[in-house]
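Please write a short report on the structure shown below.

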Amino acid sequence: MPAGNGPHPAAIVIHGGYWRARYDLQHIGHLCAALGREGIATWSLEYRRIGNPGGGWPGTFDDVRAGAALLKQIAGANRIDLKRVVAMGHSAGGHLVLWLAKQRALDLRGVEPLAPVADLRKAWELKLSSNVVEEFLGGSPGQVPDRYRAASPIEMVPLGARQRIIHGEHDDVVPISISRGYVAAARAQGDDATLTEPPGAGHFELIDPRSAAWPVVRDTALGLIK
């Protein structure tokens, strides 16, 4: 929570880690604290991941939807302005905020995906992170095509929400080509989607408030909330 009496704008924050249990929300805590200093409350969601009972399809998605919707129930007690809520997430969390935008679990001013895995078929083709997508969804696109259609943002457009994607030009974890392809597809379907490529940034600089890329991330969030 930021200082002051509020009501405060809020960001739903979803951490990354390729949907695996060994990565949790602690590593995105510095981003949350930095947003708090800018006057934005953060609702950082934990969710079942690969390696947790019920993680992957569909448990991960159920948790994210339910966690976002819960903000409506706690907003009054925590002085949250539900008319000024955005969602932002990093890497696998960026994938989940794009997916969340389509669910209408609550009204969002927009989403800010940071280096999102926005195309699960492409991620599967590239065998990213030891072919984690196949483990996440329980099969290949040929085996479980309905899951890819229901879970992959590029197959869900138009999302009907403002999308301000940020992806470092030197990202060696999630290829920037995924975001470029996604934004082109989203815009072709009429979505208000943009891509910003901070020069010199890799994958993790986007969630590091000490990095040269941070002002872009911060200002994007503030712009969406206005």
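The model is predicted: local features need pLDDT of at least 70, side-chain atom pairs count only at pLDDT 80 or more, and totals for chains, interfaces and linings use all residues. Residues are numbered from 1 along each chain as its sequence is written, and side-chain values use heavy atoms, without hydrogens or water.

**Cores**

Start with the inside. In soluble globular proteins, nonpolar side chains tend to be buried together. A nonpolar core here is a set of buried Ala, Val, Leu, Ile, Met, Phe, Trp, Tyr and Cys residues joined through side-chain atoms within 4.5 Å. Buried means under 20% relative accessible area, exposed means over 50%, and partly exposed lies in between (1.4 Å probe, protein chains only). The largest nonpolar core has 50 residues. Ile12, Ile14, Trp19, Leu120, Val133, Leu137 and Tyr182 have the most contacts inside it. Helix 3 (residues 92-103) gives the largest share of this core, seven residues. Helices (H or I, at least four residues) and strands (E, at least two) are DSSP runs, numbered from the N terminus. Another core, of 22 residues, lies apart from the largest one; Cys32, Ile166, Val217 and Leu224 are among its members.

What does Tyr182 touch, leaving aside its neighbours within four places in sequence? Its contacts are Leu98, Ala118, Pro153, Ile154, Val157, Leu159, Gln163 and Ile165. Contact means heavy atoms within 4.5 Å.

**Helix 1**

Helix 1 spans residues 29-37, and Leu31, Cys32, Ala34, Leu35 and Gly36 are buried in it. The buried residues of helix 1 pack against strand 1 (8-14), strand 2, strand 3 (80-90), strand 4 (110-114) and helix 8 (214-225). Gly39 follows helix 1 and has a positive phi, near 90 degrees.

**A buried arginine**

Arg49 sits in the loop between strand 2 (41-45) and helix 2 (59-74). Is Arg49 buried or exposed? Arg49 counts as buried because its relative accessibility is 7%. Its side chain makes a polar contact with the side chain of Glu46, at 2.9 Å. A polar contact is a pair of N or O atoms within 3.5 Å; within protein, one must be able to donate a hydrogen and the other to accept it, and residues adjacent in sequence count only if both atoms are side-chain atoms. Beyond its neighbours within four places in sequence, Arg49 contacts residues including Trp19, Tyr23, Asp24 and Thr60.

**The largest pocket**

The largest pocket holds about 180 Å³ of space. It is lined by 13 residues, and Gly17, Tyr18, Tyr23, Val173 and Phe204 lie nearest its centre. A pocket is an open set of points on a 1 Å grid over the protein atoms alone, where a 1.4 Å probe fits, with protein on both sides within 12 Å along at least five of seven lines; lining residues have an atom within 4 Å of a point. A volume is the space filled by probe spheres set on the points, which are joined across faces, edges and corners.

**Backbone details**

| Cis peptide bond | Omega |
|---|---|
| Gly6 to Pro7 | near 5 degrees |
| Val157 to Pro158 | about 5 degrees |

Pro7 lies in the segment before strand 1. Pro158 is in the loop between helix 6 (145-151) and strand 5 (163-166).

Arg79 is not a glycine, yet its phi is positive, near 55 degrees. Arg79 is partly exposed, at 36% relative accessible area.
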